[in-house]
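Here's a quick tour of one model, taken a site at a time. Have the structure open as you read.

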Amino acid sequence: MRTSIATVSLSGSLTEKLTAASRAGFDGVEIFENDLLASPLAPEEIRARCADLGLTIDLYQPMRDIEAVPEGEFVRNLRRARHKFELMRRLGTDTVLVCSSVSPLALDDDALAAAQLARLADLAQEFGVRVAYEALAWGRHVSTYEHAWSIVEAAGHPALGTCLDSFHILSRGSDPKGIEDIPGEKIFFLQLADAPLLAMDVLQWSRHYRCFPGQGGFDIAGLVQHVVRAGYDGPLSLEVFNDVFRQAEAGPTAVDARRSLLVLQESIGLAPLPEPVVPTGIAFAEIVTPDAEPVSAVLGALGLTRTARHRSKPVDLWERGEARVLVNTGPSARRDGTGLAAVGLESPDPAGAARRAEALLAPVLPRRRAPEDALLDAVAAPDGTELFFCATGRPELPDWRTDFEPLETAEPGVGRIDHLALTQPWHHFDEAALFHSSVLGLNGQESVDVADPYGLFRSRAVTNSTGSVRIALAVGPAPTEDETRAQHIALATDDVVAAARRFREAGGSLLPMPANYYDDLAARYEFTEGELATYRELGILYDRDAQGEFRHCYTRTVGRVFFELVQRDGGYQGYGAQNAPVRLAAQHAQRPLR
Ligand code: MG
Ligand code: MG
């Protein structure tokens, strides 16, 4: 189906919004009146700009407080409408959105509403315009789609139809099945917005918290299926009022928006995409740093060995068992300081994974970074992290390790990366979650809020079904400073106490935890003799869920990266979220190493 987006969903000037929508591949836009009023462009110029950008203007909106009012008021409303219809003719758009009235003058009189909307439609017809009547969830007398449709039906006017808006329908808990009773040709427009499930005033909820389909808690796909079954063949149009999107750059927001519609259409069989290729493991994590020494010291103390060096670039490979970390001192490190720049994901079909990513608008990175490098498929995540699709140790496919010259053999030892935690720029959180679930085929877990001394973190993990790929996405207090955008690499161990001791004995520095934390742990759980004293000594944190136990500790931060040692027992599935506030406070108390 054609895709469209309301200009109100994007930030910037009207020109910036139109450009972003076009670049993201939308077919059309809804022009929001305020964007037009604030634009220096004449309607004819806006029309020409849209045509140049390959965008149709699918809707002009909104027209408010029109119907079911005393005659004198209605005559004034018609005068107002005439001006809008003239404007629409200049703009070259043929559908106007009329929201159900919230005016204190509006009467609870459906027959009057129908008669006046029919007169409005008469006038609209003179200008070649159609009127799409939408029930606002907080409309004074008309607040459900069934009610709006019954008035449209009673009016029986060819230039009058209804506009369905998923937010207004689902926020009220209406059953969308009844949409199938509306003739498709009378559904003049369909607006889509998701939203997190919140218990709050519906108007505030709508104005501030709408999000793109798949980012909230509504069954948007189910609703669209009913609309398609009704015979609707107009555009799928996003109308999202969101405080974050209003501030974020329009370009990435438009891409996020269009990706949400691609995923939505795929989910209901309207437009297939290349199959998701779910990663089966983490091949490596790549740290860039201007100075390899502090990172190398931590890796060495954690028991990893520098096993190889890249043939053509200043990149070292560190390994312990299946845990692999690349340390890159190339040019980008001098610009950005120490941080986690790339992740290698083990993929059953690297090329297929890249095809899906590209179909879902992920920027594809050049496959070959040096003439002799192995061909690797890679894309950029919304936060700029490079994701490589790898086939480690599979002879039929290029192995990234062939780019490396062996230095020494790692000591035998088990090890793997338990999870990666990637703190997102503040305006990319929902986008990141949708990206990782749709592009990589990972499952999103519940979002949790974590208190930081200087703000609130939101965190959401995405995993594959076996837990061999776990990525914790977090967003910090907005706007996030670089230093709080720390990333971490968690290494799995089957004995965190021994691992922490080895790390310390090898010169590593563990993040100390406050005594109050351990006093509280003693109150909450029973430990064996001496157990808690050991945790207190080493800074080990403890958590438990219905399945099992979790013990973990942290290294000091280097630049924007730190490491975690984790011991999962008995099927524990979390990440120690309840300990995160203590960890964050402890990190604030310590300055990063550099
Ligand atoms: Mg709407
Ligand atoms: Mg962690």
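## Ground rules

A residue is called buried here when its relative accessible area is under 20%. Keep in mind that this is a predicted model.

## The magnesium site

Start with the metal. Four side chains coordinate the magnesium ion (ligand 1): E134 (OE), D165 (OD), Q191 (OE1) and E239 (OE), at 2.1 to 2.3 Å. Along the chain, these donors are spaced as E-x30-D-x25-Q-x47-E. E134 belongs to strand β5 (residues 130-134), while E239 sits in the loop between β8 (236-238) and α10 (243-247), so the two tie together parts that are 105 residues apart in sequence. Both E134 and E239 are buried.

## A leucine in a loop

Next, have a look at L440, in the loop between α15 (429-438) and β18 (443-452).

What is L440 in contact with, leaving aside its neighbours within four places in sequence? The list is V277, V278, P279, L345, L387, F389 and F435. Take P279: it is 161 residues from L440 in sequence, yet the C-alpha atoms of the two are 7.0 Å apart in space.

## Two helices side by side

Finally, helix α1 (residues 14-23) packs on helix α3 (residues 43-53) at an angle of about 20 degrees, with 10 Å between their axes. Angles under 35 degrees count as roughly parallel, so that is what α1 and α3 are. Their crossing is right-handed.

From α1, the contact uses L14, T15, L18, T19 and S22; α3 brings I46, R49, C50 and L53. By type, the residues of this contact are five nonpolar, three polar and one charged.

Key:
Residues are numbered from 1 along each chain as its sequence is written. Chains are lettered from A and ligands numbered from 1 in the order in which they are written. This is a predicted model: local features need pLDDT of at least 70, side-chain atom pairs count only at pLDDT 80 or more; totals for chains, interfaces and linings use all residues. Side-chain values use heavy atoms; hydrogens and water are left out. Donors are N, O and S atoms within 2.8 Å of the metal (3.2 Å for Na, K and Ca); water is not among the atoms, so sites may look incomplete. Helices (H or I, at least four residues) and strands (E, at least two) are DSSP runs, numbered from the N terminus. Buried means under 20% relative accessible area, exposed over 50%, partly exposed in between (1.4 Å probe, protein chains only). Contact means heavy atoms within 4.5 Å. Axes are lines fitted to C-alpha atoms, for helices over the stretch in contact, and angles run from 0 to 180 degrees between N-to-C directions. Angles under 35 degrees count as roughly parallel, over 145 as roughly antiparallel, 65 to 115 as roughly perpendicular and the rest as oblique. A crossing is left-handed if the near helix is turned anticlockwise from the far one by less than a right angle, and right-handed if clockwise. Ala, Val, Leu, Ile, Met, Phe, Trp, Tyr, Cys and Pro count as nonpolar, Asp, Glu, Lys and Arg as charged, and the others, Gly among them, as polar.
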